[in-house]
Amino acid sequence: MDTLASLLHTSPALAWMVVKVVIVFSAVMLLASVWTWVERRGSAMIQDRIGPNRAALFGRIRIIGLAQLLADGIKFFFKEDLEPHDVNKRLFWLAPFLAFVPAMLGFAVIPFGRDFVSGGHVYHLSVLDPGNGMGMLYPMAIGGLAVYGVLVAAWSSNNKWAILGGMRASAAMVSYEIGMSLAVVSIFMTTGGYDPAQIIAAQGSQPWHWNVVPQFLGFIVFFTCVFAETNRLPFDFAEGESEIVAGFNTEYGSMKFSLLALAEYAHMMTASALVVTLFFGGWQVPFVAHPGVMLSVLSFLVKLLFFAWVFVWIRWTLPRFRYDQMMHLGWKAMLPLSMVNLVVHAWLMSHGR
Amino acid sequence: MGVVVKKVELGWLDRTYVWPVLKGMGITFNHFIKQLFTPTSKRYTIQYPDMKKEMPTGYRGLHELKRFEDGAIKCVACFMCAEACPARCISIEAEEFSDLNFTQGFEEKRPKVFKIDMLRCIYCGMCEEACPKDAIWLRNDYEVAAYDRLSMQFGKWDLMNTYAEADGKARISEDPTPSVPRRVLAM
Ligand code: SF4
Ligand code: SF4
């Protein structure tokens, strides 16, 4: 790191920052695009189909269809960028970025590995160093911004189906946000802080000390709400092929569409990173008290990918809820449950347990 | 008539919604694992250009005009198939041939032109049913496609050779006996 910094005539801190940003964002981008393929192959396997397996590099190297990513990307890139009549042009262009950027930004505070010391410097493996004063509040706030991506896309398309999808999705996101935040608050309480590094350190390396075990209810609530937040089935009200054509992205095509699709997957990655950090001990390796840096990164990655897979898995298990059922679940089940969770933990803490 | 709909009573475990979800996830995971470890040849999906479906006997695919061992066509140009064809896609022109016509005094008939318009054919198998000589069969080849309309007009020799390779027979392109011009004999 020091040699790299001196080569670039910058301070090690700055060089490290740049390296981190590049690594994290390219990794999330890559994972998100790989996950589009995982989703398609996984859903195919779940439904006893085969899925995209024929795309090949140079027509020869088939690598179980992974070239599909490239093919899709290239296809979207070279497609005509249609802009329907009477769209609100500026918002129409802005919406994919509004969807994509918050999805990526949420990742910034999440530690993806152990800190390490080299040459007298402490290097933190998260884009924003711990102690930045925002902590876990930041991804929550940024996650709330994701509503704008969907809603702006829906509004600017000047399409009735799109706006219906957008309205439904934003209603879902807003109503599940409260339950989700309350579930997180009880973690803040038991940890005594809201910095992700603190939360991870408090969970330790024993799997039964991770937050899932003492706060199982909180986990269920949070995980359910995250599905609504990321607009995934069973709560993907932004879409709905059978009801409202394609939903909020009806009018989108080419690269803008692919950006919207990618935003969903980036969101999924961020959401599973949140779940891992809050409830599954982040980069902690089970039963290893002081893991090496590489091991901790690997552990984080494995957990992250597992939860990303659970997103896919649940999507192909459950049918879409009806709108009123979802509202019912959000307000009458998730919110009270997370409140109960909060009160119970507050009571337990007040009795010194 | 009214139908009494029985409402399913859910137990408390089912009403939590968490347990049924887990059960469902178990089912999907089973399918996932099963499909993942099934070899490609045993999956439900047939990977078409690489693998082909075995057609059952009695499948009505591409036609074949049958031939005798010496390569003579079995068809006697009786026009029954053309008559029976609901799509009206068979057109036949007859001709006469015989080795015997001078010794025994009669000719036999065979098609000079036997054309099936595969674009109009509906593969109903009526021609096969109608044929008194079992000369036309619909067999199991379903890959009938071409780049232009003209190559979908299957002629006599195309139809005689459609299954030549599959049956290990030689391709033929001419009749073993020449046709004779219509006899104009002064009786
Ligand atoms: S299969 Fe039916 S449509 Fe086709 S040639 Fe025979 S009779 Fe005509
Ligand atoms: S194929 Fe059969 S039915 Fe058709 S003309 Fe020949 S002999 Fe007659």
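The model is predicted, and local features need pLDDT of at least 70, side-chain atom pairs count only at pLDDT 80 or more, while totals for chains, interfaces and linings use all residues. Residues are numbered from 1 along each chain as its sequence is written, and side-chain values use heavy atoms, without hydrogens and water.

At the interface, 17 residues of chain B are in contact (heavy atoms within 4.5 Å) with 18 residues of chain A. The area buried between the two chains is about 1,600 Å², with 67% given by carbon and sulfur atoms; buried area is the accessible area (1.4 Å probe) lost on putting two parts together, summed over both.

Chain B itself is divided into domain 1 (7–53) and domain 2 (63–186), with bounds from an automatic or database domain assignment. The C-alpha centres of these two domains lie 51 Å apart.

Within the whole structure, a search finds five cavities of 30 Å³ or more. A cavity is a set of points on a 1 Å grid over the protein atoms alone where a 1.4 Å probe fits but cannot get out.

How values were computed:
Chains lettered and ligands numbered in written order. 1 Å grid on protein atoms, 1.4 Å probe; cavity = no way out; pocket = protein on both sides within 12 Å on 5 of 7 lines; lining within 4 Å. Points joined across faces, edges and corners; volume = space filled by probe spheres on them.
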